[in-house]
Amino acid sequence: MIKLIASDLDGTIVDYNHHISKENLKAIDDLQTSSCDFVICTGKTYALSRDFCKNFHASYGIFGNGSQIINLQTGEEIAKKILSLEEIKACLSIAKKCHLHVHAYTENSILTEKLLYMDLRNSILFPNQIKIQLVKNLSTYLTKEKTPILKLVISSPRSLKEVKEELEQTVHLNIVSIQKYGNYKDTVINKEYEYLDISPLAVSKGAALQTLGNYLHLNKEEILSIGDNLNDIDMLQSSGIGVAVQNAYSKLKEVATYTTTRSVEEGGFAEAVYRFIPFPEESLK
């Protein structure tokens, strides 16, 4: 019996134009009548996800691809990991050498030298939810202020394959590559690009889901996860049932237990919920 549902946000519940289908909204409401804990599991920081969590009445949240786990009912921080200053400087040095854009996430803000990619997107979508702080030199600022950083994002309009390889040879961190090309183009800022999501070693959605499962005394078979992107792969692998929505990357579908027939726009999340979670008939009327 499934006792916990963990779902990604963007591309899974929320579509690429930042809309939520009525089917997905109803499924979220119906989850309140089930015996399952609902967990938001996102690459976004808590500051960017706070309003979603309130509207969805989620029990727990896994944020920053696993950097933070929070009990959303009590506000208790179950776990948190941050990057060291030495790790940050090493990443920034490689990015600067390659003339790449970088922005950093604190618990409540985005630090950047110029708004360009995901930081620009977030400034448009969440103008009142997170502080955007422009700094002259990110490395100098962090050295002086010693601000705790949950993750870095390196972005470019071209492939970052070689940069990722160099980073992996230089620092021992969790580095996930996300491509926003073709069907996955960022329509909010009308750009195609690739970015590297960089977080502390052993930080991932899957690792965080295992930590939360242990905290709640659940085994793998009692967990269902739903996602669409490459950073959801180990989350699906850490679950008894791993679901990819129809619009998911093919690599995610390859590891999924089930792939929905519906995309995020058509209510793919809802399809997964109703397929695997038993509801009393009267609660669905």
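How many nonpolar, polar and charged residues are in the lining of the largest pocket? I counted by class and found 5 nonpolar, 5 polar and 4 charged residues. Here Ala, Val, Leu, Ile, Met, Phe, Trp, Tyr, Cys and Pro count as nonpolar, Asp, Glu, Lys and Arg as charged, and the others, Gly among them, as polar.

Basis. I worked on a predicted model, in which local features need pLDDT of at least 70 and side-chain atom pairs pLDDT 80 or more, while totals for chains, interfaces and linings use all residues. Residues are numbered from 1 along each chain as its sequence is written, and side-chain values use heavy atoms, without hydrogens and water.

Pocket. I looked up the volume of the largest pocket, which is about 290 Å³. A pocket is an open set of points on a 1 Å grid over the protein atoms alone, where a 1.4 Å probe fits, with protein on both sides within 12 Å along at least five of seven lines; lining residues have an atom within 4 Å of a point. Of the 14 lining residues, Leu92, Lys96, Leu100, Val102 and Glu113 lie nearest the centre. I noted α3 (85-97), β6 (101-105) and α5 (138-145) as the elements giving two or more residues to this lining; α3 gives the most, with 5.

Helix packing. I then followed α3 to α6 (residues 161-170): the axes are 10 Å apart, at an angle of about 150 degrees. The two helices are therefore roughly antiparallel (over 145 degrees).

Gln210. I located Gln210 in helix α7 (residues 205-215). Its relative accessible area is 46%, so I recorded Gln210 as partly exposed (between 20% and 50%, 1.4 Å probe, protein chains only).

How values were computed. Points joined across faces, edges and corners; volume = space filled by probe spheres on them. Helix = DSSP H or I, 4+ residues; strand = E, 2+ residues; numbered from the N terminus. Axes fitted to C-alpha atoms, helices over the stretch in contact; angles between N-to-C directions. Parallel < 35°, antiparallel > 145°, perpendicular 65-115°, else oblique.
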